[in-house]
Amino acid sequence: MTGLLLAERVPDEGHVLVLGAGGGLELKVFAEAHPGWRLCGVDPSAEMLGLAERTLGPLAPRVDFHQGYIGSAPAGPFDGATCLLTLHFLPEEERRRTVAEVHQRLKPGAPFVIAHHSFPQQDGEKAKWLARYAAFAVAAGVPAPKAQNAVTAISDRLPLLSPEQDEAILREAGFSDVALFYAGFTFRGWVGYRA
């Protein structure tokens, strides 16, 4: 889904920023599907960037790796950017700053695709959505105690925001035409465009 959303606007020889590159799976998908794209992978973990380079194998020379956070990323400008399964680790103010810095690094009209935990947080809603997340995991074969441990970790350790808050952060940073493209229990995904 992310690759399709990017490809709507990223040119054949485009440059894409991948914030939170992790072990390189999305970098590899983008590199395989779009042979002309140049990629920039940013991650705070040197170990994960090493794994990303191994995951990419012969495609690795098409990626510029940068250890750190958004401040470690080149100024661009980039034709598109992604941040998948990462923003939910950041407190609200750090999230605002990160999204604003991604915006600054994009060309006008460039897409920014994000996806992470984002679900209603008000009176009882948080517990209900986390229970659904656990039930889905158990139905998929995850042992119930492990699923409950994941719910506890998500609830206690992640600075979760509601979908409305996440959308507002994108708009406040300057992204236009913000649209939800994915919703699956506790996960949401949006695309927005630099004005």
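Which residues of the largest nonpolar core touch the most other members? This is a predicted model, in which local features need pLDDT of at least 70 and side-chain atom pairs count only at pLDDT 80 or more, while totals for chains, interfaces and linings use all residues. Residues are numbered from 1 along each chain as its sequence is written, and side-chain values use heavy atoms, leaving out hydrogens and water.

A nonpolar core is a set of buried Ala, Val, Leu, Ile, Met, Phe, Trp, Tyr and Cys residues joined through side-chain atoms within 4.5 Å; buried means under 20% relative accessible area, and exposed over 50%, with a 1.4 Å probe and protein chains only. In the largest core, of 24 residues, those touching the most other members are Leu17, Val99, Val102, Leu106, Phe112, Leu170 and Phe175. Among the elements that each supply at least two residues are helix H4 (92-104), strand S5 (111-117), helix H7 (163-172) and strand S6 (175-184), where helices (H or I, at least four residues) and strands (E, at least two) are DSSP runs numbered from the N terminus.

Helix H7 buries Pro163, Asp166, Ile169 and Leu170. These residues lie on the same side of H7 because they cover an arc of only 125 degrees around the axis, taken from the directions from the helix axis to the C-beta atoms. Glu164 and Glu172, on the other side, are exposed. After H7 comes Gly174, with a positive phi near 110 degrees.

S6 and S7 form a hairpin with two residues between them, and Phe185 in the turn has a positive phi of about 50 degrees.

How values were computed. Pairing = 2+ DSSP bridges.
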